[in-house]
Amino acid sequence: MRPAREEDLPSAERASAALFFEADRRSRRVCEPEIEPRSATASKQWIERMRYYLRVDPAGCRVAVGEDGEVVGFAMSQNRGDVWYLATYGVLTRYQGQGIGKRLMDAVLAHADGRPGLFSSTVHPAATRRYRLAGFTLHPQMRMVGTVDRSTLPAVSGLREGRADDFEWMDRLDERLRGAGHGPDHAYMLERLRLVVSDDPGRPGYVYIDEEQGRAALPAAAEQRTAQDLLWEALAASHGDTLVNCVTTANHWAVDVGLAARLDIGQEGYLAVRGMAEPAPYLASGHFL
């Protein structure tokens, strides 16, 4: 095990793609679509995102390497101000049970240096046991999938396109909701996603929208009504099947929107938090939490 380097990223991506494809196939319900391997575009985006983490906070990124030099395990974490988050973590199935996952987790938790932290977790029994023993509270998450019934879309007002000069108040809102701002992550996301924000300074809130995939990312607001308006705006931008995930029980405002839009609700893993309350109104992102 050692610090991750940029030349490790293609190998780490292959390990990640294989591991999560296998995990998704195991957890797939009969009524759900067949799991597809990660696309070439998604693989490129994964490597790009890990390269960004290495540039901003390299000490939080660790890999385990086999005798052939290939990555067999990885843990990519980041410190942002007073909060730590784990962006991705895993060990190839054939190497599990050898203590590799524990060593990786111990290393990135040491990097957290006592900060409160959060991450999105699968339901793997050994992993969830490790997280709980490390002091994390596991909040069950829901996800909502399907095609939005466009006849349900309300007329939403009071929103505008976001800009880089919004980051200062967005970070203040992040501090209120999750203990620290996203800092440089906002600039990274704005380059790749559409940002929509509340136009009322008394009702701050924002959401990123992946227009290529038609999905909302990181909806956050000071109060639930604004959060719902932002999520409706993101759903209005969807095309075909969409996904709203990382919905914890403190965020039933999102459940109400998803059900009204005729999305199907299901369960997916946990939001693991340590040293902080369950964020709300706020839906974590698997990438930037």
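This is a predicted model: local features need pLDDT of at least 70, side-chain atom pairs count only at pLDDT 80 or more; totals for chains, interfaces and linings use all residues.
1. In β9, the residue that stands opposite R194 is I209.

2. As to burial, 4 of the 5 residues of strand β8 (residues 194–198) are buried, so β8 is largely enclosed by the rest of the structure.

3. The chain as a whole has 8 helices and 12 strands. Its radius of gyration is 19 Å, close to the 19 Å that the globule rule gives for 289 residues, so the chain is as compact as a globular protein of that length. The C-alpha trace spans about 60 × 45 × 35 Å along its principal axes.

4. Burial and contacts can be stated briefly. Of the 289 residues, 50% count as buried. Taking contacts between residues at least 6 apart in sequence, 71% join residues at least 24 apart. The accessible surface of the chain comes to about 13500 Å², and 49% of that surface belongs to carbon and sulfur atoms.

5. On charge, the chain carries 35 positive and 40 negative side chains. The centres of these two sets lie 5 Å apart.

6. An open sheet of 8 strands is present, with mixed pairing and the order β1-β2-β3-β4-β5-β12-β6-β11. Its edge strands are β1 (2–3) and β11 (241–248), each of which pairs on one side only.

7. Strand β4 (residues 83–91) pairs with β5 in the parallel sense, over 2 bridges, and W84 has G117 in β5 as its bridge partner. On the β12 side, strand β5 (residues 117–121) runs antiparallel to its neighbour and is joined to β12 by 5 bridges. One of the residue pairs is S120 with L271 in β12. β5 is mostly covered, with 4 of its 5 residues buried.

8. Some backbone values deserve a check. Most residues other than glycine have a negative phi, and most peptide bonds are trans. L218 has a phi near 55°, a positive value in a residue other than glycine. L218 is found in strand β10 (residues 215–221). Is L218 buried or exposed? With a relative accessible area of 1%, L218 falls under the 20% cut-off and is buried.

9. R262 also has a positive phi, of about 70°, although R262 is not a glycine. R262 is found in the loop between α8 (252–260) and β12. What is the relative accessibility of R262? The value is 51%, and R262 counts as exposed; the cut-off for that class is over 50%.

10. The peptide bond between A280 and P281 is cis, with omega about -5°. P281 is found in the segment after β12 (264–274).

11. V148 lies in the loop between β6 (137–147) and β7. Its relative accessibility is 5%, and V148 counts as buried. Which residues does V148 touch, not counting those up to four places away in sequence? They are L153, L235, S238, T242, A261 and L263. As for M50, which is 98 residues from V148 along the chain, the C-alpha atoms of the two are separated by 32 Å.

12. To restate the items for a closer look: the positive phi of L218, near 55°; the positive phi of R262, about 70°; and the cis bond that joins A280 and P281. L218 is buried, whereas R262 counts as exposed.

Note on methods
Residues are numbered from 1 along each chain as its sequence is written. Side-chain values use heavy atoms; hydrogens and water are left out. The radius of gyration is taken over C-alpha atoms; the globule rule is 2.2 Å times the number of residues to the power 0.38. Buried means under 20% relative accessible area, exposed over 50%, partly exposed in between (1.4 Å probe, protein chains only). Contact means heavy atoms within 4.5 Å. Accessible areas come from the Shrake-Rupley method with a 1.4 Å probe; for residues, only the protein chains shown count as cover. Lys and Arg count as positive and Asp and Glu as negative; His and the chain ends are not counted. The place of a charge is taken as NZ of Lys, CZ of Arg, CG of Asp or CD of Glu. Two strands pair if DSSP finds at least two bridges between them.
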